[in-house]
Amino acid sequence: MTDSSDTIRGIKDLPSTHLLGTGTPMCAGCGALEALHVIYDILGSKTVFVNAAGCMTLLSVYPFTPFRGSWLYTAMASAPAGAQGIRDALDILLQQKRITQEEDLEVVVLTGDGAAYGMGLSATSGSMERMLDYIYICYDNEGYGNTGQQYSAATPHAARTSTSHGVSGFAGYKKNLFDIWVAHKPAYVATVIGADPLDLAKKIEKARSMEGPRMIIALSPCPTGWDYDPRETVNIGRLAVKTGVWPLKEYADGEVVHTKIPRQRAPVEEYLKLQGRFAHLFEPERNEVLLAEIQARVDAYWEKVEVAEK
Amino acid sequence: MYRIRFHGRGGQGMKTASRILGTAFFLEGYEVQDAPRYGAERRGAPIFAYVRADRAPINERGIIRHPDLVIVADDSLVPIPAAGVLAGITDHSLMLINSAEKEQVWKQRLNHSGSILTLPVAADVTERAELPYVGAACAGAAARLIGVISEAALEQAINDELSDLGADIVNKNLHNAVAAYRAMASHAGLVKEGSLVSAVDYEAPDWIDLPFDDARISAPTIHAAATSVLVKTGLWRTQRPVIDFDHCKGCWWICSSYCPDGAINVVDAKPVIDYDHCKGCMVCVAQCPSHAIEAIPEKQAKADEDAMRLEIGEIT
């Protein structure tokens, strides 16, 4: 248990017992819970979670909670506003010396992609404008998972969702939330994934040491919404990184740095073919046009990164 | 009106079963409602789906409280109160349980004087990938028990509902549904239509008025930490991961970090799986680099455990 974690350098520094309670109603093999339990180990129990409606609000269903501290449930669009209220209240208590510096809490917003990429974006934008001192964690499972995986602004091109049927799947494109957040110049923005717990833990530890808005997007493989065997959660997450679909990067002090560059990128279809939501790209026959388009977009992204590096 | 309630776990295809049955009724000329109950869509969660069918327009809405037929796709749901399998069951209700145990055992266990049948098809599904086909078998069995749905209508309904999933999946579902349909031949038409409910006879329950309390009193507050551990999510498992300590390298961080539920902790430098909470996702089995974790069917694991407890005299 790492309520006061030491610096994480290698995998051996990851905690071996866990702070987040078991017995939550998340799906078996939940990629979001996998990221969250590592995040919670690093942040510790001196936190207050502000949770917009989504899968993770099922974490705390009265009288059960996996948290060791407080938790507030807000409507889908207003978690950052809830965080503002709590931060202000804590600041007033500190100022009036009704709590000590030791008793202060880290305010952590927890929302899915539906809230982060879509209906909660306005409140998030405002919180960054005001340089609210908080951590925002978006668990991104690329759709409205809790209600049966309808498409969201985070759904990738061509994925089948319960509202995007047909041979080509979702016609839109995944919104670039990382860049939208970076454009606000907050203290910190990072992408993470549970399949790389070391990169994740280092970034959360870094965020924890900073002040101001610290924004995290965790790609969260979802066995239920993405339609794959739950045992594949980590393999799919690892492939998202290895194929270049999910770049691991961070923004701080005006600069974006990739924390892991897949030098030998695996073909994107290795990632796609494990997931039922992309099965129509392979059966009854391969959709070469769409597969090539998806690959080309990933290639174009990394070409830009490589040019920028030189 | 026929009222059918499906109970299963997320991932077993209950929503699909209700759609197949609803469409089959429709093809036979019935007015139909079919709908899953809104709730968490996750795998393993108790899932409810409902079908109403009548020759006349249906004015009833909402969940089915007094079913004529109850289909239970997973017998481990029966003792779980939240699954509500036994809610509103009367002598009139027929229960069909997907179970390896005998009908007589269930009749005695549930003290149910109405009919209970067990579904012999797909009783031993241990591969998770096979789970969705249980739903099709349930729909097939239900169609025959109701007795007004022809095999052709059942097949047509499966084709209509599942065609976007590809020929392979349609065929597997057809195979299971038709096998279950035929297995129930001797019970065809056993389900009897329930009578219509009239609002005229409605009597309000004896409400107890509670005064409105201040939010500080009435809002749900939890004062203890991590109370979720009281929920035994280990009941969800169909397969159990078992660590072979002869092969475990004691790296500890891999299974422990990847377990989404944090159900693997390290005690004395050895990983220990908390079976009260392990949901059986098998991420640890897939990730262990020395292949020291094996997946065994939960039923077998339980039987082995009981045999061992019997041997050491813990149970008789």
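At what angle do helix H3 (residues 133-146) and helix H5 (residues 167-183) of chain B pack, and how far apart are their axes? The angle is about 35° and the axes are 7 Å apart. This is a predicted model, in which local features need pLDDT of at least 70, side-chain atom pairs count only at pLDDT 80 or more, and totals for chains, interfaces and linings use all residues. Residues are numbered from 1 along each chain as its sequence is written, with chains lettered from A and ligands numbered from 1 in the order in which they are written.

**Confidence**

- The predictor gives the complex an ipTM of 0.93 and a pTM of 0.84.
- Chain B has an average pLDDT of 89, and 94% of its residues score at least 70; pLDDT is the predictor's confidence in each residue, from 0 to 100.
- Among the elements of chain B, helix H6 (residues 215-218) has the lowest mean pLDDT, 80, and helix H8 (residues 283-287) the highest, 97.

**Chain B overall**

- Chain B has 9 helices and 10 strands, where helices (H or I, at least four residues) and strands (E, at least two) are DSSP runs numbered from the N terminus.
- Its C-alpha atoms fill a box of roughly 70 × 60 × 45 Å along the principal axes.
- Domain 1 of chain B covers 2-197 and domain 2 covers 230-311; such bounds come from an automatic or database domain assignment.
- The centres of these two domains of chain B, taken over C-alpha atoms, are 33 Å apart.
- Of the 316 residues in chain B, 41% are buried (20 or more other C-beta atoms within 10 Å of the residue's own; exposed means 12 or fewer, partly exposed in between, with C-beta atoms placed from the backbone).
- Of the contacts in chain B between residues at least 6 apart in sequence, 68% join residues at least 24 apart; a contact needs C-beta atoms, placed from the backbone, within 7 Å.

**The H3(B)-H5(B) pair**

- The crossing of H3(B) and H5(B) is right-handed, meaning that the near helix is turned clockwise from the far one by less than a right angle.
- Axes here are lines fitted to C-alpha atoms, for helices over the stretch in contact, and angles run from 0 to 180 degrees between N-to-C directions.
- The H3(B) side includes Tyr133(B), Ala136(B), Gly140(B) and Arg144(B), and the H5(B) side includes Lys172(B), Asn176(B) and Tyr181(B).
- By class, this contact has 11 nonpolar, 3 polar and 2 charged residues (Ala, Val, Leu, Ile, Met, Phe, Trp, Tyr, Cys and Pro are nonpolar; Asp, Glu, Lys and Arg are charged; the others, Gly among them, are polar).

**The A-B interface**

- Chain A contributes 45 residues to the contact and chain B 43 residues.
- On the side of chain A that touches chain B, H1(A) gives the most, with 4 residues.
- That side of chain A divides into 21 nonpolar, 17 polar and 7 charged residues.

**Local backbone features**

- The peptide bond from Tyr62(A) to Pro63(A) is cis, with omega near 5°, and Pro63(A) lies in the loop between strands S1 (47-52) and S2 (70-74) of chain A.
- The bond from Glu283(A) to Pro284(A) is also cis, with omega near 0°.
- Ala269(B), not a glycine, has a positive phi of about 65°.
- Ala269(B) is exposed because 8 other C-beta atoms lie within 10 Å.

Terms used. Two residues are in contact if their C-beta atoms, placed from the backbone, lie within 7 Å.
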